[in-house]
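Subject: Structure for your review, with notes

Dear colleague,

Please find below the structure I promised to hand over. My notes on what was found in it follow directly after.

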Amino acid sequence: MLRFFVAAALASLAAGSGPALGADAASCPPGTEEFAEYRLFFGRSQGAIEVVSEEAWRAFLADEVTPRFPAGLTVLDASGQWRDDSGEIVRERTKLLLVLAPPGGDAMQRTDEIAEAYKLAFGQSSVLRAVTQACASF
């Protein structure tokens, strides 16, 4: 499962959605501000069985994610694959959470809390988190 998340994160980062790593306010284009961009990949299966239904995800989002990032977030449905130790390709539906937060602050801690709550609630071994710097405007 972890390999899937790593592959999905690398593909997502390679696709690009902003400036290169290390962007800061001085390098952001006029009219944009520096943000930390957090991407969390939540696998929905244990083995071949999907254990996180849409209803369970909505409840988790309402109870664990939204209170930690009430200013806004984005959730995307994703699918990915990874090769297990036996060489078999495993496919898994995934939820991808995107959050922009001001640099510094406690957003990293809040994403840690979300990941730990997800692993505990759904018996998952990992939640991948990718953090990049982004320039954005609203």
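**The sheet**

An open sheet is built from four strands in the order 4-5-1-6, with antiparallel pairing; strands here are DSSP runs of E with at least two residues, helices are runs of H or I with at least four, both numbered from the N terminus, and two strands pair if DSSP finds at least two bridges between them. Its edges are strand 4 (74-83) and strand 6 (128-136), each of which pairs on one side only. Neighbouring strands of the sheet are turned by 30° against each other on average, direction ignored, where axes are lines fitted to C-alpha atoms (for helices over the stretch in contact) and angles run from 0 to 180 degrees between N-to-C directions.

Before going further, please keep in mind that this is a predicted model, in which local features need pLDDT of at least 70 and side-chain atom pairs count only at pLDDT 80 or more, whereas totals for chains, interfaces and linings use all residues. Residues are numbered from 1 along each chain as its sequence is written, and side-chain values use heavy atoms, with hydrogens and water left out.

Going through the pairings, strand 4 is joined to strand 5 (residues 89-101) by 10 antiparallel bridges; within this pairing Ala78 stands opposite Thr94, and Gly80 has Glu92 as its bridge partner. The two strands form a hairpin with five residues between them, and Gly87 in the turn has a positive phi of about 95°. Strand 1 runs antiparallel to strand 5, with eight bridges between them, and Ala36 stands opposite Ala101 there. On the side of strand 6, nine bridges join that strand to strand 1, again antiparallel, with Tyr38 opposite Val131. Nine of the 11 residues of strand 1 are buried, so strand 1 is largely enclosed by the rest of the structure; buried means under 20% relative accessible area, exposed over 50%, and partly exposed in between, with a 1.4 Å probe and protein chains only.

**Helices on the sheet**

Helix 2 (residues 54-65) lies across strand 1 (33-43), strand 4 and strand 5, and runs at about 30° to strand 5. Helix 3 (residues 107-122) also packs on the sheet, where it touches strand 1, strand 5 and strand 6, and its direction makes about 10° with that of strand 1.

Which residues of helix 2 are buried? They are Trp57, Phe60, Leu61 and Val65, and they cover an arc of only 100° around the axis, which puts them on the same side of helix 2; the arc is that of the directions from the helix axis to the C-beta atoms. These buried residues pack against strand 1, strand 4, strand 5 and helix 3, with contact meaning heavy atoms within 4.5 Å. The face turned away from the buried side of helix 2 carries the exposed residues Glu55, Arg58 and Asp63.

**Aromatic pairs**

The structure holds nine aromatic pairs, counted when the ring centres of Phe, Tyr and Trp (its six-membered ring) lie within 6.5 Å, with planes under 30 degrees apart taken as stacked, over 60 as edge-to-face and the rest as tilted. In one of them, the rings of Phe42 and Trp57 have their centres 5.2 Å apart and their planes at 55°, so the pair is tilted. Because Phe42 lies in strand 1 and Trp57 in helix 2, this pair ties together parts that are 15 residues apart in sequence, and both residues are buried. For Phe42 and Phe60, the centres are 6.1 Å apart and the planes at 65°, so that pair is edge-to-face; it links strand 1 with helix 2 across 18 residues. Phe42 has a relative accessibility of 0%, while Phe60 is buried with a relative accessible area of 5%. One aromatic cluster is formed by Phe42, Trp57, Phe60, Tyr118 and Phe122.

**The chain as a whole**

The chain has three helices and six strands, which follow the pattern α-β-β-β-α-β-β-α-β along the sequence. Of its 138 residues, 36% count as buried. Among contacts with a separation of 6 or more, 73% are between residues 24 or more positions apart. The accessible surface comes to about 7,600 Å², of which 56% belongs to carbon and sulfur atoms, with areas from the Shrake-Rupley method and a 1.4 Å probe; for residues, only the protein chains shown count as cover.

With best regards
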